[in-house]
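User: I am new to this structure and would like to learn how to read it. Could you take me through it feature by feature?

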Amino acid sequence: MVWHKVLCLSVAVISLSCYEISSKSDVTASTFVYEEISNITVQSVLQLIRDDHEYQISSSSNDDSEICTRKLLELLEAFEQKKNLTESLKFFDALGKPPSGILDGNSIFLGSYDSCKSLQASTNENYKPCKIVATAMLERKTPIPVTWTTCFPKDCRGGNYTALKETILKIINSYPKQLFIPAESVITTCDEPVEYSAGAYVAIIMVSVIAFLVIVGTAWDPIVVLLGSLTVTEENKVLVNAQESGETEEIIRDDDVNINHLVHAAPETVKPNIVGDFFKCFALQRTWPALLSTSSKEGQILCLNGIRVLSINWVVLGHVYFISTAVVADMGYERDIYRRLSFTFVWNGFPSVDSFFVMSGFLVSFLLSKQLSRSGRFDVMGYYLHRYIRLTLPFLFVTMCQGFLATIYIRGPFQDILQLGHNNCKKWWWANLLYINNLVPWDKVEICIGQSWYLSNDFQFFVIAPFFVYLLYRRPTIGLFTCGVALLASCITSGVITSTHGYGPTTVFDSSNTSWEDFRVQYIKPWCRIPPYLIGIFGGWLCYRHIDSMKLYVSRSYLVTRLCMGVVVWTVTCTIEYWVVFGLHNDMIKKTNGEAISKIEGVAYESLARSAWAIALLFQILACQVGLGGIINTVLSWKGWIPLSRLTFSVYLLHYIIIQSFVVQLRHPMYYRPDYEIAILYVGFLGLSYAAASLLFTCIEQPVAFIERLTYRK
């Protein structure tokens, strides 16, 4: 087919600009491309399809494939004979064609999605947009993704296009020295009719129930006042006052999910109205003030609010570039931007996740140490049940909506991006509820809600945290030794995996297979990700046990001594953090130049980088607490961060689908140039993420917290 042929020929042109080829090869490839394109005729296309049609009939192949080929043959024959010319022209107009900018690496041949959807043949035949993705291998080692959108009759089924694969391989074989396309890399996906699965119905029910609860809860007090049949109970007043003053509970944020740990129950009150109190937990006039409050208590670690917000913003920035890679049209510029020192902050933003692990371990340890000091024990059932409920209800809501509803209501040329997640959720949604989606399935990456691997790791660490905290509290020497052994074992494990599989120090800009293998084998596994959490546990215990003595020592020191200590701490820690993030800049330059990276360097980085980042961040948190933070602590402890820090869990859950929704519906490719275009998109995605997170917080997360407090009162 002509479009398949042009697709393959264009790959050769793309390779000229994306990678360094000799001048002689440039001339040969260009001549080859334009000669082949000039030889394409409607008659040659018809002959290809006729051959395929005859092959399918003679071999008794799949009926759907035979029908698809026959429909295309009828359409092209009508075009050749100048019959139904209007419909034929509309069909060709809807097809993706080689665009301008091929020499800059534009390998996305995007047709008209909307024209194809509205196309009607003379027999009132509906058409559907389809996307064909092929991975061309330059010199059989460098992958070049090629995307082409087309338009097929609705009877066509993706994956059964014999002519496509055979034509591609036939053309590539005539140019074997530079390009190779594996037959298995050619994937066809089509915009199929919407199907409401059981998960979609569950999601719709969840949305409806939550909307009902919010509406009734918000209207409860006005209706009661209007009817004059009920009065506000004394308990409601106590509950509202407690939320505003923070006197009935101690609120700490134990990770990016901003969990409010209930340390002790509120005082008993009189004769609650159970039904009314339940509905008013969803009242917006209560949940919004809870979100916007900037009040804090003595002893809270306020600098963590700023760190948390800045870290989640960093995560969103990295995902903007990562998700948009599938629709970026200037691949030639991609290599240049990865070579920039400043862009290292974007593609190597992985330490942002380690920051959350540090804060999570720190605050869990700090809380449990305080609780053990009060009573000598802690409520095991409450510890685990509280965390599971507070995490799972918002997480389940997002899982059902993103995994099952998004593919129904968010449609576009790049629909397969969402479809992949939908397929994973149909099989593995239950792994999210058990927080084991980083372990199941074991042999491949099929995570339902891609970013949720972090929550599974964090919950698994949360489960074993009391063991380490208890040892540190009761037997500090044994506790320190145990934490040290676990930390060392994890670092060695990462090094061994990196050395054995040949990973690292980063798989960014590697082939997709290498990147996903590293993601599956190492990146999401708890035994490789636990070092920052262990360091956070140690830091929380250290802060609880020695923070007062450290503050006293710093306060009694001379001004010059304090300045020197502050300069040393921040200089050393910032240098370590700079090495962790920007230390791979030279490696990326080597990689983009096709040079090999030292295996020893990769092993050392994967073994030590996460721990180094965690130690540096821990010392910075302690410096802020003991009075060595200066203006940095002032900025990080600004009370304006508090409302935003409450939203970081919801932002983490929602930002991925918000970015994907934009990318899926694009009617044109994206470009990395100019920089301010991506910057504007980032600001927009970030703002939408916080806006959506506000709704998730006020409609689900905070109401669950209110309900839990009512339960404790009973």
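Analyst: Happy to! Let's begin with secondary structure: helices (H or I, at least four residues) and strands (E, at least two) are DSSP runs, numbered from the N terminus. This is a predicted model, where local features need pLDDT of at least 70 and side-chain atom pairs count only at pLDDT 80 or more, while totals for chains, interfaces and linings use all residues. Residues are numbered from 1 along each chain as its sequence is written, and side-chain values use heavy atoms, with hydrogens and water left out. The protein chain has 29 helices and five strands; one of the helices is α16, residues 380-409, which contains Y409.

User: What is the mean pLDDT of the protein chain?

Analyst: pLDDT is the predictor's confidence in each residue, from 0 to 100. Here the chain's mean is 80, and 75% of its residues reach 70 or more. Over residues 1-42 the pLDDT is below 50, and this stretch has 86 contacts (heavy atoms within 4.5 Å) in the model beyond near neighbours in sequence. Residues 230-235 also have pLDDT below 50, with 17 contacts beyond near neighbours in sequence.

User: How do I tell inside from outside, and is Y409 buried or exposed?

Analyst: Buried means under 20% relative accessible area, exposed over 50%, and partly exposed in between (1.4 Å probe, protein chains only). Buried residues make up 55% of the 714 in this chain. Y409 counts as exposed because its relative accessible area is 54%.

User: Which residues touch the most other members of the largest nonpolar core?

Analyst: In soluble globular proteins, nonpolar side chains tend to be buried together. A nonpolar core is a set of buried Ala, Val, Leu, Ile, Met, Phe, Trp, Tyr and Cys residues joined through side-chain atoms within 4.5 Å. The largest one here has 143 residues, and L304, F362, W453 and Y533 touch the most other members. Helix α29 (residues 675-713) gives this core its largest share, 14 residues. Apart from it lies another core of seven residues, including F91 and C116.

User: Where is L455, and how far is its C-alpha atom from that of L653?

Analyst: L455 sits in helix α18, residues 453-474, and is buried because its relative accessible area is 2%. Although L455 and L653 are 198 residues apart along the chain, their C-alpha atoms are separated by 9.7 Å.

User: What joins V440 and P441, and which residues other than glycine have a positive phi?

Analyst: Here we look at the backbone. V440 and P441 are joined by a cis peptide bond with omega of about -5°, and P441 is in the loop between α17 (416-433) and α18. In that loop, Y435 has a positive phi of about 55° although it is not a glycine. I449, in the loop between α17 and α18, has a positive phi near 75° and is not a glycine either.
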